[in-house]
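Work through the following exercises with the structure open beside you.

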Amino acid sequence: MASILRLRKLYYVEPAVKCSSVGFESLDQSPKIDQKLDKREDDVICANNLALEVKKKRKQAKEWRCMDSCCWIIGCLCTTWWLLLLLFHCWPVTLLRAPELPGPGVRLKREGLMALHPVVLVPGIVTGGLELWEGRSCADGLFRKRLWGGSFSEIFKRPLCLLEHLSLHYGTGLDPPGIRVRAVPGLVAADYFAPGYFVWAVLIENLAKLGYEGKNLHMAAYDWRLSFQNTEIRDHSFTRLKSKIELMYITNGYKKVVVVPHSMGAIYFLHFLKWVETPPPMGGGGGPGWCAKHIKATMNIGPTFLGVPKAVSNLFSAEGKDASYIRAMVPGVFDSEILGLQTFEHVMRMSRTWDSIVSLLPKGGDAIWGNMDSSPEEGHVCDFSKKSHSQTSLSDNNVNNSDVKRGFQVKGVAKYGRIISFGKAASVLHSSKLPTVDSKEFSQMSTSKNLNISCGEVWTEYDEMSRQNIQNAAADKAYTTTTFLDLLRLVAPKMMRRAEAHFSHGIADNLDDPKYNHYKYWSNPLETKLPNAPDMEIYCLYGVGIPTERSYVYKLSPNSRCKSIPYQIDSSLSGEDNSCLRGGVYFADGDESVPVLSAGFMCAKGWRGRTRFNPFGIATHIREYRHKPPASLLEGRGIESGAHVDIMGNSALIEDILRVAAGATGDEIGGDRIYSDILRMTERINL
Amino acid sequence: MSLLRRRKPINESSDSKPLLEKEEEEHHEEDPDEDEDDGSGKNKKTPSKIKKKPPPPQSKWSCLDTCCWFIGCICITWWLLLFLYNAMPASFPQYVTEAITGPLPDPPGVKLKKEGLEAKHPVVFVPGIVTGGLELWEGRECAEGLFRKRLWGGTFGEVYKRPLCWVEHMSLDNETGLDPCGIRVRPVSGLVAADYFAPGYFVWAVLIANLARIGYEEKTMYMAAYDWRLSFQNTEVRDQTLSRIKSNIELMVATNGGRKVVVIPHSMGVLYFLHFMKWVEAVAPMGGGGGPDWCSKHIKAVVNIGGPFLGVPKAIAGLFSAEAKDIAVARALAPGFLDNDIFQLQTLQHVMRMSRTWDSTMSMIPRGGDTIWGGLDWSPEEGYSCSKKREEDDTQITDQAGAENAVCKVRSANYGRIISFGKDVAEEPSSDIERIDFRGAIKGLSAANTTCRDVWTEYHDMGFAGIKAVAEYKTYTAESIVDLLHFIAPKMMARGTAHFSYGIADNLDDPKYKHYKYWSNPLETTLPNAPDMEIFSLYGVGLPTERAYVYKLSPHAECSIPFKIDTSADDEDTCLRDGVYSVDGDETVPVLSAGFMCAKGWRGKTRFNPSGIRTYIREYNHSPPANLLEGRGTLSGAHVDIMGNFALIEDVIRIVAGASGEELGGDQIHSNIFKWSEKINLQLEKKTSSR
């Protein structure tokens with residue numbers, strides 16, 4: 001716009017200037033006769049006012065055809081653009097960058113820290129790139145191009161084709177026939193998720209400052225759509241990771257590795273720890289001493305040890321996903337009334353084929369997440385008034401009422417334990433007044449379901465449910481994490497059957513039970529023992545201070561059309577000034593995706609000291625990072641952010657990782673660092 | 001936007017004058033703010049003026065307007081085309097091509113999949129020199145913002161933006177041949193390292209795509225990317241590359257049900273893998289400690305593509321005068337740039353300074369001396385005539401310039417003389433050449449060369465006397481060339497000879513051959529004890545390939561490279577063109593170097609091949625692409641383009657799917673390789689230890 005304005009100005013002023021200096025003749029090159037006839041008049045005009053010139057010019061302009069003007073404007077725009085582009089490129093690199101402190105890498109290098117332990121990065125869900133190796137004809141020309149990650153340009157070009165390729169087989173959770181989509185290997189897999197949106201890049205850059213490079217830095221990329229054991233079955237991901245760790249251990253002078261998993265990578269790596277000890281064929285056959293020999297520390301960033309409530313809503317209604325930033329990227333498309341119907345159903349259809357999302361369902365049931373009337377986070381103060389909070393929460397959670405911006409303090413208590421309630425009443429009332437949820441009821445319902453195949457192709461398993469059942473499931477009920485699993489088994493029996501062969505969400509009574517040797521328990525920290533590696537250290541590093549989805553208020557979807565999702569979050573509900581309910585979602589403290597409870601509990605209590613989950617007394621450390629939004633736009637995503645992904649650019653966190661990688665122990669970097677109520681919360685949990 | 005809105009009503013009315021008046025007035029009323037100050041008097045004038053004026057004052061456009069208009073037009077057309085291009089179905093170009101050239105053959109992957117072939121053996125690619133990407137991990141200030149960006153490969157954008165910075169970062173340390181202080185440039189890892197060298201210039205991509213058709217993917221394919229600037233042993237010392245390759249091969253064998261790997265090295269990767277096979281068997285500190293049966297346990301076949309087993313003459317020219325390098329690719333990218341007279345002084349010397357720090361270039365110096373490459377008066381290729389070859393073989397039309405009816409003469413090039421000073425020297429019988437030995441010559445303290453210190457080529461240390469001595473020796477054979485290089489670049493060769501050797505072993509059991517510097521020389525090592533393994537040598541033939549050079553002294557000797565190829569020397573009969581004698585090959589590697597080991601040196605049980613590993617030669621006759629649409633052709637035999645040759649890909653796929661060399665059809669020969677090999681008098685039987 002600015003250029004247009006500028007050019008317009010020029011356009012009007014220019015003739016005037018010419019006129020006054022050289023006279024009108026020089027400008028007007030039309031036949032001389034006309035000029036002579038006009039001359040006297042022109043002189044007058046010239047001498048007196050500019051505006052006449054404007055008019056005159058306009059008359060010349062009238063001969064321009066519309067096409068010409070268009071060309072002219074575009075030409076001007078292009079020229080300006082190129083000029084700016086040229087300037088931009090000629091600009092010295094340092095001038096553009098805001099003056100900033102030297103990054104933690106540079107600072108620590110000056111302190112004399114050097115690369116010591118090899119580092120393995122384990123990316124989380126969604127952030128890893130996926131590329132095509134074999135596809136249907138609609139994906140011609142995309143061989144070894146990124147389908148997921150990168151510019152996502154193909155999603156806009158051929159969305160249905162992409163959805164088809166990214167989906168897995170509903171029955172097996174593996175590749176559909178004729179389609180092979182594989183994880184991008186190497187550091188490029190997850191350094192940037194999309195251009196400019198860093199995930200690991202900042203950490204990698206800082207590690208490189210200390211001297212890390214390809215030989216002592218490895219990205220354990222895996223296909224995050226698959227269940228963990230399937231990544232081994234299909235891609236040998238665990239075997240490769242094991243071999244890589246062993247190799248790095250040897251080639252770097254027998255230095256143990258530091259593993260840095262992020263998000264779902266934390267439970268993926270937990271699975272790996274069990275897998276590697278287990279004898280083949282199910283496991284890697286590393287023997288019981290493998291971890292003690294090869295691993296110095298695991299530094300879990302924003303770990304989803306006990307699951308995330310976001311996964312609940314995602315599986316249930318494809319809303320409020322862990323992939324919330326995708327939404328932030330294209331808010332209009334997902335939320336638009338016209339496309340919304342389609343988008344959500346397509347997304348649900350695709351994401352329900354991904355076993356990994358089931359791994360993120362809350363684990364530990366009511367004992368951890370609270371029952372109908374109590375929850376560990378009870379009494380959490382939702383203070384949305386802080387600017388820091390409202391900024392992030394507003395943008396992300398579709399809050400449609402602006403009055404909430406006003407500060408409020410909580411007096412009432414949110415019943416976080418009811419992870420899904422139908423109607424606000426159900427979320428608040430005391431449990432005795434609610435209809436009880438009985439799993440037998442579910443089984444009856446599921447047997448009595450009558451298929452309506454009128455919708456043709458079945459997309460989601462909702463299409464196979466009768467309207468009656470759908471309503472029954474809702475009817476003013478509230479679900480805790482345990483009963484929610486039953487609900488999911490009702491609404492998506494096939495998916496749960498498939499996924500529950502790979503994941504378990506309970507708490508072990510007796511960990512010595514031989515059944516816990518099965519791989520489906522390996523990624524659940526409450527059903528496995530940590531390896532025998534007393535020198536190993538486990539860190540939980542996560543952000544706090546951002547409202548994080550914790551439980552939901554649902555309603556029945558108004559339209560009962562085919563292929564629609566019958567439930568949706570009741571986004572009209574927002575608590576009065578005193579509750580953590582906003583847009584149908586109850587919030588608790590966390591890093592925007594993972595509640596503090598899930599990220600911190602195991603390190604704070606479950607594994608602290610010698611417990612039955614940690615029989616060998618591996619040391620655990622909690623490092624919390626309080627969220628602080630970027631001060632200005634220039635800072636980008638901030639160096640003090642605590643948000644789930646942005647925390648990877650947090651200087652304090654990077655410093656901690658670098659110190660540990662350079663040889664420090666947990667106590668040397670300062671032991672626990674806690675801002676949240678995690679210790680109080682965990683005390684309430686009775687394990 | 002407002003501009004448009006205003007102009008439109010006027011434009012429409014330009015032909016109807018009464019209407020225009022109205023419009024004008026309306027318009028006038030519309031924008032009172034602009035015309036406020038001109039008062040009411042003006043309104044009367046305008047209509048009258050318009051009646052007098054003829055309509056088209058197009059010429060009143062100022063130059064600026066015209067420019068803008070022009071650029072606008074171009075932009076619009078460009079966008080339109082871009083839009084059309086993007087909207088075009090992906091199969092369209094193929095459709096057009098098929099319409100012109102007739103239906104394309106199925107790519108070999110598709111064809112063989114129909115035959116029922118499936119992925120079987122894991123595949124390891126070993127890229128050659130130059131083609132692998134390198135990225136920056138730590139650099140000086142001038143390279144800020146390039147962290148983990150490709151310095152080599154990709155778009156080469158930085159070469160043009162900050163050339164000196166780039167040269168500095170790409171160079172290695174003069175003394176050690178390792179990283180200079182504060183700079184870490186590392187190979188890109190993974191298949192992306194060498195699938196495309198530059199955008200659109202495939203190296204491995206076509207092969208990878210075809211392998212994927214029959215079911216290969218990341219877990220069964222591994223690109224053994226290494227820093228091709230380093231000497232082979234240094235890649236292990238610095239990056240542990242050899243250990244990584246070993247670990248990856250073991251991993252792939254283990255995860256694929258114990259099926260052995262098929263290794264596919266290309267170009268210098270061939271030597272690198274030879275080195276690897278020796279390294280992996282050697283005991284731990286120097287080697288990988290895999291034990292003597294590692295290769296037979298893990299490797300099914302080594303499928304060498306265009307392997308310079310015995311070196312390439314191009315490397316000599318590259319080291320001697322930075323000309324006609326193996327980096328021909330880089331030159332092809334920017335031919336004007338390097339050859340330009342103005343820049344030449346700088347460019348070539350910078351290139352020389354840079355490439356002389358790369359140990360790997362020295363691995364390509366011809367090996368085996370006069371025994372292999374011929375002496376002053378004979379060479380194995382003797383009698384090879386470019387024109388004769390052409391008459392025999394009609395497909396060679398484009399290869400050689402020269403009269404159509406050239407008579408085949410007996411006269412033949414003295415290929416043995418790899419470097420001659422002056423054309424006449426190259427042709428004279430050896431008895432007529434007066435040679436003054438340069439080896440003892442004193443390098444004169446060169447006068448006033450401190451001025452050119454910044455460019456390090458070691459030529460400055462030689463002085464005029466040294467240069468003269470080099471020229472007076474007149475002609476050099478493969479053996480004396482090594483001495484020559486020692487003479488002109490002592491520091492570089494001192495570094496190089498610690499890592500490479502160019503001789504022929506007399507007695508392979510000599511314990512000195514356990515040293516790693518011999519490992520990449522096939523004439524000084526024995527193949528591993530792996531009788532089930534197969535070695536293939538796949539290469540293109542039918543392209544003229546540099547074999548020997550005619551040099552002259554460069555006229556300005558002070559701060560420049562004192563020798564240059566005498567491009568004026570031409571002789572059709574002896575394949576001499578622009579000062580270069582060429583012979584059959586794939587444009588870079590002569591047939592002799594690529595084929596000799598498989599044709600003779602390793603054929604059967606020889607002392608170089610004690611366990612009798614079977615060897616096969618597969619030659620691919622070059623035929624240029626029929627038209628531009630075909631790109632680099634599917635029948636090419638050129639050194640890099642052969643990676644897109646369908647016949648070669650088909651052979652490779654059959655091998656990885658389980659076929660043995662016999663099933664493939666054994667040898668496939670187009671050149672005279674067997675005839676030439678016979679002329680080479682190399683002792684193949686193991687000497688009885690009579691001494």
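A contact, in these exercises, means heavy atoms within 4.5 Å. The model is a predicted one, in which local features need pLDDT of at least 70 and side-chain atom pairs count only at pLDDT 80 or more, while totals for chains, interfaces and linings use all residues; side-chain values use heavy atoms, with hydrogens and water left out. Residues are numbered from 1 along each chain as its sequence is written, and chains are lettered from A and ligands numbered from 1 in the order in which they are written.

**Exercise 1. Find the largest nonpolar core and the surroundings of B:Trp204.**

Step 1: A nonpolar core is a set of buried Ala, Val, Leu, Ile, Met, Phe, Trp, Tyr and Cys residues joined through side-chain atoms within 4.5 Å. The largest has 174 residues, and those with the most contacts inside it are B:Phe125, B:Trp152, B:Trp204, B:Ile264, B:Ile299 and B:Ile419.

Step 2: Helix α13 of chain B, residues 268-281, gives this core its largest share, which is 10 residues.

Step 3: Beyond its neighbours within four places in sequence, B:Trp204 has contacts that include B:Phe125, B:Ala194, B:Met223, B:Ile264 and B:Met643.

Step 4: A second, separate core has 155 residues, among them A:Leu210, A:Met248, A:Phe269 and A:Ile647.

**Exercise 2. Work out how helices α25 and α26 of chain A are arranged.**

Step 1: Axes are lines fitted to C-alpha atoms, for helices over the stretch in contact, and angles run from 0 to 180 degrees between N-to-C directions. The axes of α25 (residues 481-491) and α26 (residues 493-500) of chain A come within 5 Å and cross at roughly 120 degrees.

Step 2: Angles under 35 degrees count as roughly parallel, over 145 as roughly antiparallel, 65 to 115 as roughly perpendicular and the rest as oblique. α25(A) and α26(A) are therefore oblique to each other.

Step 3: On the α25(A) side the meeting residues include A:Leu485 and A:Leu488, and on the α26(A) side they include A:Met495 and A:Met496.

**Exercise 3. Is A:Asp223 buried or exposed, and which residues does A:Asp223 touch?**

Step 1: A:Asp223 sits in the loop between β7 (217-219) and α11 (228-235) of chain A.

Step 2: With a relative accessible area of 0%, A:Asp223 is buried.

Step 3: Not counting residues up to four places away in sequence, A:Asp223 touches A:Leu130, A:Val181, A:Ala183, A:Thr231, A:Arg234 and A:Asp235.

**Exercise 4. Locate backbone features at A:His236, B:Ser267 and A:Pro281.**

Step 1: Most residues other than glycine have a negative phi, and most peptide bonds are trans.

Step 2: A:His236, although not a glycine, has a positive phi of about 60 degrees; A:His236 lies in the loop between α11 and α12 (237-251) of chain A and is buried at 15% relative accessible area.

Step 3: B:Ser267, also not a glycine, has a positive phi of about 55 degrees; B:Ser267 is in the loop between β8 (261-265) and α13 of chain B and is buried at 3%.

Step 4: A cis peptide bond, with omega about 5 degrees, joins A:Pro280 and A:Pro281, and A:Pro281 belongs to the loop between α13 (265-277) and α14 (290-294) of chain A.

How values were computed
Buried < 20%, exposed > 50% of the residue type's maximum accessible area, 1.4 Å probe, protein only. Helix = DSSP H or I, 4+ residues; strand = E, 2+ residues; numbered from the N terminus.
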